[in-house]
Structures are given as C-alpha cells and as structure tokens.
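Q: Hi! Could you walk me through this one? I'd like to start with a helix.

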Amino acid sequence: MSTSEPAPHWDLPTIVRELREAREDWRHRSSRDRDSGDREFPSPDRVREQLKLLRGALFPLRLGPSDLKREGEDYFVGHALDRALNGLVEEARLELASRQREHPDHPPAAIFRQAQARIADFARSLPTLRTLLDTDAEAAFQGDPAARSVDEVLLCYPGIQALIHHRIAHRLHALDLPLLARIVAELAHSETGIDIHPGASIGRYCFIDHGTGVVIGETAVIGEHVRLYQAVTLGAKRFEASEDGSLVKGQPRHPIVEDGVVIYAGATLLGRITIGRGSSIGGNVWLTRSVPPGSQITQARSEQAASA
C-alpha cells in the first residue's frame with residue numbers, strides 16, 4: 001500500500017460494542033453473569049511452557065537446553081520441575097475454581113490446597129512416567145528399521161512426542177483434572193496430528209509409527225507391545241443418549257486392544273470390541289466386531305465376514 005493512500009477505517013468502536021453485547025448475551029443465557037471478571041480457566045500458552053520444562057526434566061540431555069552438560073543435569077531438573085510444578089498448581093487451581101463457582105462453601109484457600117495436593121501426586125508419578133516412556137522409545141527403536149538410535153527416536157518421532165504428552169495427560173486425568181489434561185493432549189494433537197484422549201489407557205512399549213491422523217478415544221484400552229500406524233482410528237460406533245436426548249458421558253465405547261497387536265495404516269476399529277492378543281489388523285480394514293487372539297484380518301477377509 002502506498003503511504004499516500006488513506007488508512008482503512010475499521011469502525012472499531014462499533015465492532016467492540018457489538019462484541020461486548022455478544023459476550024454479555026452469552027453470559028446471560030448461560031447464567032454466567034455473576035462471574036468474577038478474572039481469568040477463569042487454565043491457559044494453553046502457559047501449559048505449553050510448563051510442558052516444555054517437564055519434557056526437559058524427563059529427558060534433560062535430549063529435550064532440555066542445548067547447552068546442558070551432564071554435571072548440571074540434577075540442577076536443571078530441579079529448577080525446571082520447580083517452575084513447571086508451581087505453574088501447574090495455578091492451572092489446577094483455576095480448573096478447580098471454575099468447577100466450584102456455584103459452591104461458595106469452598107473458600108479459595110481450600111481450592112488452592114486441593115490443587116497443591118493433586119500436583120504433588122502428579123510430581124511423585126514422574127519417575128514412573130519416565131520409565132514408561134523409556135519402554136515407548138525402545139519399542140520405536142526396535143520396531144522401525146529406519147531408526148538409528150533411541151536418541152533419534154526421542155528427538156524426531158512424533159509418536160514419541162504424542163506419548164510423552166499422553167503419559168502426562170493421562171496422569172492429570174486420573175487426578176480429576178480433565179480440562180488441564182485435555183489441554184495437554186490437544187497441544188500434542190496440534191503439533192503431531194495424533195489425537196489421543198487423556199482417558200485412554202495405554203500399556204508399555206507402545207509404538208505409534210508415522211502417526212499422522214491416529215485417533216484414540218477416551219475409553220480405549222491398549223495393552224503392551226502394541227504398534228499402530230498412521231490414520232488408525234480406535235473410535236466409537238454409536239453414542240448412547242438419555243431420555244432428554246443428551247449424550248451419556250463416560251460409557252465404555254472404544255476398542256480394547258490386547259498385547260502384541262499390530263494395526264496397519266488406515267484401519268478403523270469402532271465400538272467396545274476386543275482385538276485378541278497377537279492379532280494383526282490390515283490396512284484400511286473397517287472392523288466393528290471382536291476377533292480372537294492370533295487373528296489375521298485383511299480388508300478382503302473383513303468384507304467377506306461382513307457379507308456372510
């Protein structure tokens with residue numbers, strides 16, 4: 001644009017006023033008129049920074065600062081955890097406070113103590129999470145002939161990044177911090193294209209190869225030594241509705257995948273079905289029935305079974 005041309009006129013006062021009216025209308029319709037006016041929910045931007053610190057604390061010489069030396073590992077880990085955990089306490093406090101706004105008998109000090117207690121439990125689980133993630137990295141290294149080292153897996157593989165987030169999110173979900181857990185999961189989803197609900201249970205030695213487009217639902221249960229390829233869906237076949245038509249939440253509706261199963265690219269598994277131990281599900285298979293251990297399901301066989 002030439003400097004001689006007039007600047008556009010946005011009519012900002014009108015837009016600001018109409019946006020305020022839209023907010024006020026929504027707050028009135030959703031009975032949020034009495035909100036304090038302060039920020040009420042965890043911040044994805046802050047959680048992203050806390051996750052960076054946690055990843056560094058879990059794998060300091062791989063995912064920590066580029067200039068970190070081995071002799072400084074413990075100092076960095078302690079400093080990173082102190083910042084991350086204190087930050088998570090505030091995010092947890094915001095989530096708990098948002099859920100208890102209708103209960104004035106829960107004073108802010110009590111909510112803060114609840115947040116501290118839950119994040120303290122989370123902190124104590126970090127060594128266990130590190131051990132689980134070591135098995136995931138080993139599974140990726142052993143399962144991919146293109147992987148030259150476990151270090152390459154940790155630094156480069158989106159499946160490992162998604163699992164780091166998931167192991168953290170799953171623990172927060174178990175501590176009854178579902179919103180904070182979902183933010184952690186969605187940050188990984190946006191960065192890797194892998195969508196794992198925090199409620200999903202995933203055993204040791206999980207390998208998500210390539211990963212783009214993988215979807216794992218809330219009530220999915222995945223055993224040990226399971227390998228998933230890109231665009232695999234472990235989804236729900238149908239959603240139960242209550243008498244008023246609203247969806248029933250929390251019902252088991254996603255697959256159970258037993259130990260040693262391989263699910264190839266593009267396969268879609270729907271409903272509360274069980275994939276038996278050691279089975280192989282071929283690419284692009286659409287499966288809505290359980291299969292026994294040791295099954296070899298290809299697209300052609302799946303179609304024949306459906307038409308039989």
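A: Happy to. Helix 8 has 17 residues and spans 24 Å from its first C-alpha to its last, close to the 24 Å expected at 1.5 Å a residue; the expected span is 1.5 Å times one less than the number of residues. Helices here are DSSP runs (H or I, at least four residues) and strands are too (E, at least two), numbered from the N terminus.

Q: What kind of model is it?
A: This is a predicted model: local features need pLDDT of at least 70, side-chain atom pairs count only at pLDDT 80 or more, and totals for chains, interfaces and linings use all residues. Residues are numbered from 1 along each chain as its sequence is written, and side-chain values use heavy atoms, leaving out hydrogens and water.

Q: Which residues in helix 8 are buried?
A: Among them are Gly159, Ile160, His165, His166 and Ile168. Buried means under 20% relative accessible area, with exposed over 50% and partly exposed in between (1.4 Å probe, protein chains only).

Q: And which residues touch the most other members of the largest nonpolar core?
A: Phe122, Ile168, Ile216, Ile263 and Ile281, out of 73 residues. Such a core is a set of buried Ala, Val, Leu, Ile, Met, Phe, Trp, Tyr and Cys residues joined through side-chain atoms within 4.5 Å.

Q: Which helix gives the most to this core?
A: Helix 4, with nine residues.

Q: Switching to the sheet, what's the strand order?
A: The order is 1-4-7-10-13 in an open sheet of five strands with parallel pairing; strands pair if DSSP finds at least two bridges between them. Strand 1 (195-196) and strand 13 (286-287) are at the edges with a single partner strand each, so one side of each has no neighbour in the sheet.

Q: What's the bridge partner of Leu269 in strand 13?
A: Leu287.
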